[in-house]
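I opened this notebook page to record what I looked up in one structure. The entries cover the chain as a whole, its cavities and its salt bridges.

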Amino acid sequence: MSDTGQAPGRNQEDSGSAFLHKMEGQAEQDPLSGVDFDELERNIYRPRTALSMVLTWIVSGMTILALVPLFAVLWMLIWRGGQKLSTALFTELPPAPLEQGGGFGNAIIGTLIMVALATLITFPIGVLTGVFLAQAPKDSKLAGGVRFSAKVLTGFPSILAGVFAYGAIVLATGGYSAIAGAIALSILMLPTIILTSESAISMVPAKMKEASIGLGATGAQTVWMVLLPTAMPGILTGVMLAIARAAGETAPLLFTALFSNYWITSGGHFNVMQPTASLAVLIYNFSGMPFKNQVELAWAAALVLVVMVLITNLIGQSFSRQQVQQ
């Protein structure tokens with residue numbers, strides 16, 4: 001009786017073992033055993049392959065043609081501006097007409113100060129707006145209007161930002177100043193920071209937010225301690241891109257900060273309520289002068305400005321890679 005009772009169990013075990021051995025045998029087989037490599041061999045005489053190769057050559061050639069002007073401009077900047085590079089460029093003031101030497105140290109400092117002030121103005125507003133857009137319901141009309149306005153501002157002419165700051169700040173304060181220039185630049189920086197902040201916060205996994213709420217955190221604590229730290233590399237990428245754009249703007253500063261041949265420091269501290277020099281305006285002013293020294297300084301200033309923008313973009317790309325790795 002015992003042997004008869006155990007027979008079904010043994011049969012099941014034997015069939016299970018046989019099934020496992022069969023599966024292992026199939027797994028050990030070469031997965032490419034049934035592939036006909038002759039059929040997959042690249043053949044330029046096939047219409048699809050030939051068309052793919054022709055289109056690849058066309059796209060590669062067009063890419064090279066598009067890069068030629070870029071590298072030509074870079075080579076011209078390095079060749080013309082590099083000849084004038086020296087320590088004096090970063091430590092001396094712009095020269096007067098017919099005067100030799102000189103530099104644009106005040107323009108470098110003025111550019112850094114105005115961009116820094118614009119970043120201080122724009123960063124909290126842009127990030128908070130991005131948080132609102134990312135957390136708002138999809139059918140929110142207010143969020144849709146803010147998002148639409150931010151996208152419209154991305155194509156906003158820079159000269160109009162300068163005109164607005166001129167009417168709102170310069171006329172109200174009675175003079176050109178670095179503050180007016182920073183406000184004009186902040187208008188141009190704001191949409192980039194808003195849209196990149198929203199995108200970075202939206203990429204945070206929903207499970208992280210749900211886990212935070214499940215642990216008893218409030219909505220504000222979840223945003224402050226979970227969403228923003230996680231999305232910060234992406235947010236900083238947007239900030240770097242906005243800074244790179246603002247650093248090269250000329251038109252807004254012509255209406256707001258104007259220009260100055262002197263240092264922004266006054267009495268040992270920065271006086272931001274006076275006309276301030278910037279690299280973009282210096283290039284604009286000196287490039288049209290009939291004096292060789294000023295024209296050479298304009299080339300050198302253009303090279304320095306391009307290097308500053310390039311470094312800013314590289315920093316933004318590094319933050320972007322951190323966001324992707326997370």
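The entries below follow the order in which I looked things up.

**Entry 1: the chain**

I note before anything else that this is a predicted model. I looked up the secondary structure and found 13 helices and two strands in the protein chain. The chain has 326 residues, and 34% of them count as buried. I then checked contacts between residues at least 6 apart in sequence, and 75% of these join residues at least 24 apart.

**Entry 2: cavities**

How many cavities of 30 Å³ or more does the whole structure hold? My search of the whole structure gave two.

I took the largest cavity, which has a volume of about 40 Å³. I listed its lining as Thr111, Met114, Val115, Leu185, Ala246, Ala247, Glu249, Leu253, Ser278 and Ala280. Which helix gives the most to this lining? I found that H5 does, with three residues. Helix H5 spans 105–135, and helix H10, spanning 219–247, also supplies at least two residues of the lining. By residue class, I count the lining of the largest cavity as seven nonpolar, two polar and one charged. Glu249 is the charged one, because Glu counts as charged.

I went on to the second largest cavity, with a volume of about 30 Å³. Its lining consists of Asn106, Gly110, Ser260, Tyr262, Trp263, Ile264, Pro275, Thr276 and Ala277. Here I have five nonpolar residues, four polar and no charged.

**Entry 3: salt bridges**

Side chains of opposite charge can pair when their charged atoms come close. I therefore searched for such pairs, with a cut-off of 4 Å between a side-chain nitrogen of Lys or Arg and a carboxyl oxygen of Asp or Glu. The count came to four salt bridges.

I looked at Lys84 and Glu296, which form a salt bridge with their closest N and O atoms 3.5 Å apart. Lys84 lies in the loop between helix H3 (47–82) and helix H4 (87–91), and Glu296 lies in helix H13 (residues 292–325), so this pair ties together parts that are 212 residues apart in sequence. I noted a relative accessibility of 25% for Glu296, so Glu296 counts as partly exposed.

I next looked at Arg147 and Glu198, where the closest N and O atoms of the salt bridge are 2.9 Å apart. Arg147 sits in helix H6 (residues 141–154) and Glu198 in helix H8 (residues 178–202), so the pair ties together parts that are 51 residues apart in sequence. Glu198 is buried, at 13%.

Then I looked at Arg245, which forms a salt bridge with Glu249, the closest N and O atoms being 3.5 Å apart. Arg245 is partly exposed, with a relative accessible area of 25%. Glu249 is buried, with a relative accessible area of 13%. I also have Glu249 in the lining of the largest cavity.

Last, I checked for shared partners, and salt bridges join Lys84, Lys292 and Glu296 into one network.

Definitions and conventions
Residues numbered from 1 in each chain as written. Predicted model: local features only at pLDDT ≥ 70, side-chain atom pairs only at ≥ 80, totals over all residues. Heavy atoms only, no water. 1 Å grid on protein atoms, 1.4 Å probe; cavity = no way out; pocket = protein on both sides within 12 Å on 5 of 7 lines; lining within 4 Å. Points joined across faces, edges and corners; volume = space filled by probe spheres on them. Helix = DSSP H or I, 4+ residues; strand = E, 2+ residues; numbered from the N terminus. Buried < 20%, exposed > 50% of the residue type's maximum accessible area, 1.4 Å probe, protein only. Contact = heavy atoms within 4.5 Å.
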